[in-house]
Amino acid sequence: METVLSGIRPTGNLHLGNYFGALKNFVKMQHENNCFFFIADYHSLTTHPKPEDLQGNVRQVLSEYLAAGLDPEVATIYIQSDVPEVAELYLLLNMNAYLGELERTTTFKEKARQQSENINAGLLTYAVLMASDILLHNAHKVPVGKDQEQHLEMTRKFARRFNQMYGVNYFNEPSAYNFGEQLIKIPGLNGTGKMSKSEGNGIYLFDDPKEIQKKVMRAVTDSGPTVKNQEMAEPIKNIFSLLEVVSKPDTVSFFREKYNNCEIRYGDLKKQLAEDIIHFTTPIRERIIEISSNDEYLRKVARMGAEKARASASKTIKDVREIIGFKPF
Ligand code: TYM
């Protein structure tokens with residue numbers, strides 16, 4: 001049985017990018033694999049959240065995980081800071097992570113640009129903490145979106161380096177995973193780029209139907225195709241990408257054909273897309289409301305998850321300490 005692990009930073013509600021990049025496949029895989037899914041609250045400290053916001057965000061994301069179909073009786077769902085063993089592995093891996101490679105990481109460069117007044121060491125070593133999350137349970141597969149590909153590459157590098165340094169074959173070299181297909185990038189509807197909390201272009205699982213309609217109807221388009229089978233401009237491709245994940249294949253081919261024949265009416269396309277997103281998110285949204293009001297259940301899930309995750313983590317830490325040479329006299 002393979003071990004699968006993924007995580008999401010609690011920096012607000014989950015959007016469709018998070019769902020289709022990291023969660024959807026997990027919901028399917030949890031029954032066939034040894035699955036860990038966690039809330040990366042240590043990671044979120046790189047942006048200095050207020051204490052009162054941090055707790056609320058963790059709670060919301062936990063409710064959203066459960067509402068999206070993660071089953072705490074089957075998968076191990078936990079909060080990163082409930083498993084402090086990860087901090088020790090992070091410290092140990094940091095000894096073999098080099099400044100040059102950390103500075104060259106695309107996400108570091110991006111974040112350093114976005115928050116130039118707060119380029120902290122946690123941001124620089126973000127990839128090491130992420131590798132620690134993954135190696136802590138010796139995961140084989142990591143469901144993520146395209147944006148996390150480089151972090152997975154670095155995780156493999158750190159695993160390999162550790163194994164080579166100590167002459168062991170302890171850590172697996174995990175692969176990024178999206179159901180055997182290409183990694184997914186869910187776009188925003190503002191014309192260009194990925195859906196992202198920091199871009200303010202997210203459609204959230206928790207958005208109500210009116211909000212979704214408003215966001216979709218505002219999506220950037222162009223003046224329409226003028227010749228048959230015309231190559232789509234990026235904003236139109238993006239609308240179709242979303243249609244592909246939420247709508248039936250028939251619907252997608254119907255609108256593709258309309259586009260290819262220059263008969264497309266973007267208003268109709270957007271109306272359909274909004275309807276299909278609403279159809280998809282409404283049951284999840286209703287479950288989020290129900291679950292997030294059940295403190296006792298959330299506490300129980302977090303406690304159960306922490307226990308299971310710590311059992312797996314402490315085994316790894318014990319082994320790693322021994323490999324490194326921390327042994328009792
Ligand atoms: P985060 O919180 O930015 O995003 C969580 C997950 O959602 C995916 N995602 C997307 N996928 C497709 N299209 C999009 N537009 C999109 N936006 C976000 C991300 O790829 C990610 O899988 N560093 C991670 C959290 C993390 C983690 C880990 C993940 C920490 N430790 C260990 C896996 C394993 C992050 O910031 O994700």
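Visitor: Is glutamine 30 buried or exposed?

Guide: This is a predicted model, where local features need pLDDT of at least 70, side-chain atom pairs count only at pLDDT 80 or more, and totals for chains, interfaces and linings use all residues. Residues are numbered from 1 along each chain as its sequence is written, and side-chain values use heavy atoms, with hydrogens and water left out. Buried means under 20% relative accessible area, exposed over 50%, and partly exposed in between (1.4 Å probe, protein chains only). Glutamine 30 has 3% relative accessibility, so the residue counts as buried.

Visitor: Where does glutamine 30 sit in the chain?

Guide: Helices (H or I, at least four residues) and strands (E, at least two) are DSSP runs, numbered from the N terminus. Glutamine 30 is in a loop. That loop lies between helix H1 (16-29) and strand E2 (34-39).

Visitor: Which backbone nitrogen lies 2.9 Å from a polar atom of the side chain of glutamine 30?

Guide: A polar contact is a pair of N or O atoms within 3.5 Å; within protein, one must be able to donate a hydrogen and the other to accept it, and residues adjacent in sequence count only if both atoms are side-chain atoms. The side chain of glutamine 30 reaches the backbone oxygen of valine 27 at 3.3 Å. At 2.9 Å lies the backbone nitrogen of aspartate 71.

Visitor: Which residues is glutamine 30 in contact with, leaving aside neighbours within four places in sequence?

Guide: Contact means heavy atoms within 4.5 Å. With those neighbours set aside, the partners of glutamine 30 are Cys35, Gly69, Leu70, Asp71, Val74 and Ala75.

Visitor: How many disulfides are there?

Guide: A disulfide is a pair of cysteine sulfur atoms within 2.5 Å. Cysteine 35 is buried at 1% relative accessible area, whereas cysteine 262 is partly exposed at 30%. By the distance rule, the count is zero.

Visitor: Which helices do the buried residues of H4 pack against?

Guide: Helix H4 spans residues 85-94, and its buried residues are Glu85, Val86, Leu89, Leu92 and Leu93. They cover an arc of only 120° around the axis (taken from the directions from the helix axis to the C-beta atoms), so they lie on the same side of H4. An α-helix has 3.6 residues a turn, so residues three or four places apart point the same way. The buried residues of H4 pack against helix H2 (41-44), helix H8 (126-135) and helix H14 (295-324).

Visitor: How many residues does the largest nonpolar core have?

Guide: A nonpolar core is a set of buried Ala, Val, Leu, Ile, Met, Phe, Trp, Tyr and Cys residues joined through side-chain atoms within 4.5 Å. Leu16, Leu23, Tyr65, Phe240 and Leu273 have the most contacts inside the largest one, which has 57 residues.

Visitor: Which helix gives the largest share of this core?

Guide: The core draws at least three residues from each of domain 1 (3-184 + 294-324) and domain 2 (209-289). The largest share is ten residues, from helix H13 (residues 266-292).

Visitor: How many residues does the second, separate core have?

Guide: Among its members are Leu183, Ala313, Ile317 and Val320. The count for this second core is 40 residues.

Visitor: How far apart are the C-alpha centres of domain 1 and domain 2?

Guide: The domain bounds come from an automatic or database domain assignment. Eight residues of domain 1 are in contact with nine residues of domain 2. Their C-alpha centres are 32 Å apart.
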